[in-house]
Amino acid sequence: MSTAAVEIAPLVEATDPAPVLLTVEEAARCLRIGRTTCFALIRTGELESLTIGGLRRVPADAPAAYLARRRAELRAA
């Protein structure tokens with residue numbers, strides 16, 4: 001069997017809307033950091049999150065906002 005014949009299922013269907021909320025693990029993957037580090041950023045308030053029921057979720061735009069703040073801080077220093 002050739003590798004060209006193997007199909008990889010997409011993570012998200014093409015018709016699915018973009019996610020509004022991310023799990024902590026997904027947010028950590030976006031930032032290329034570990035889950036524990038992501039929880040630490042949430043705990044200190046550096047990364048926005050909210051609780052829905054008993055689930056912790058991160059708004060989809062929060063990782064980009066965190067990165068923008070960090071870059072601005074580094075430029076100002």
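Biologist: Why is R32 called exposed?

Modeller: Its relative accessible area is 72%. Exposed means over 50%, buried means under 20%, and partly exposed lies in between, with a 1.4 Å probe and protein chains only. R32 is at 72%, so the label exposed applies.

Biologist: What kind of model is this?

Modeller: It is a predicted model: local features need pLDDT of at least 70, side-chain atom pairs count only at pLDDT 80 or more, and totals for chains, interfaces and linings use all residues. Residues are numbered from 1 along each chain as its sequence is written, and side-chain values use heavy atoms, with hydrogens and water left out.

Biologist: Where does R32 lie, and what is its phi?

Modeller: R32 sits in the loop between α1 and α2. Its phi is near 60 degrees, a positive value in a residue other than glycine.

Biologist: How many helices and strands does the protein chain have?

Modeller: There are three helices and three strands. Both are DSSP runs numbered from the N terminus: helices are H or I with at least four residues, strands are E with at least two. Along the sequence the pattern reads β-α-α-β-β-α.

Biologist: What makes β1 and β3 a pair?

Modeller: Two strands pair if DSSP finds at least two bridges between them. Three bridges join β1 to β3 (residues 55-59), so they count as paired. They run antiparallel. In β3, T23 has R57 as its bridge partner, and L21 has P59.

Biologist: How do you know that β2 pairs with β3?

Modeller: By the bridge count again: three bridges join β2 to β3, and these strands run antiparallel. β2 and β3 form a hairpin with two residues between them. In the turn, G53 has a positive phi of about 65 degrees.

Biologist: What is the strand order of the sheet, and which are the edge strands?

Modeller: The order is β1-β3-β2 in an open sheet of three strands, with antiparallel pairing. The edge strands are β1 (21-23) and β2 (50-52), since each pairs on one side only. Neighbouring strands are turned by 50 degrees against each other on average, direction ignored.

Biologist: Which strands does α1 lie across, and at what angle to β1 does it run?

Modeller: α1 lies across β1 and β3, running at about 90 degrees to β1. Axes are lines fitted to C-alpha atoms, for helices over the stretch in contact, and angles run from 0 to 180 degrees between N-to-C directions.

Biologist: What makes a set of residues a nonpolar core?

Modeller: The residues must be buried Ala, Val, Leu, Ile, Met, Phe, Trp, Tyr or Cys, joined through side-chain atoms within 4.5 Å. The largest such core here has 12 residues, including L22, V24, C38, I42 and Y66. The elements giving two or more residues are α1 (24-31), α2 (35-44) and α3 (62-76). The largest share, four residues, comes from α1.

Biologist: Why is I42 called buried?

Modeller: Its relative accessible area is 11%. That falls under the 20% limit, so I42 counts as buried. I42 is found in helix α2.

Biologist: What does I42 touch?

Modeller: Contact means heavy atoms within 4.5 Å. Leaving aside neighbours within four places in sequence, I42 is in contact with V24, L47, S49, R56 and V58. V24 is 18 residues from I42 along the chain, with their C-alpha atoms separated by 9.1 Å.

Biologist: And which residues does L22 touch?

Modeller: A27, C30, R56, R57, V58, A60 and P63, not counting residues up to four places away in sequence.

Biologist: How much of the protein chain counts as buried?

Modeller: Of its 77 residues, 19%. The accessible surface comes to about 6100 Å², of which 58% belongs to carbon and sulfur atoms. Areas come from the Shrake-Rupley method with a 1.4 Å probe; for residues, only the protein chains shown count as cover.
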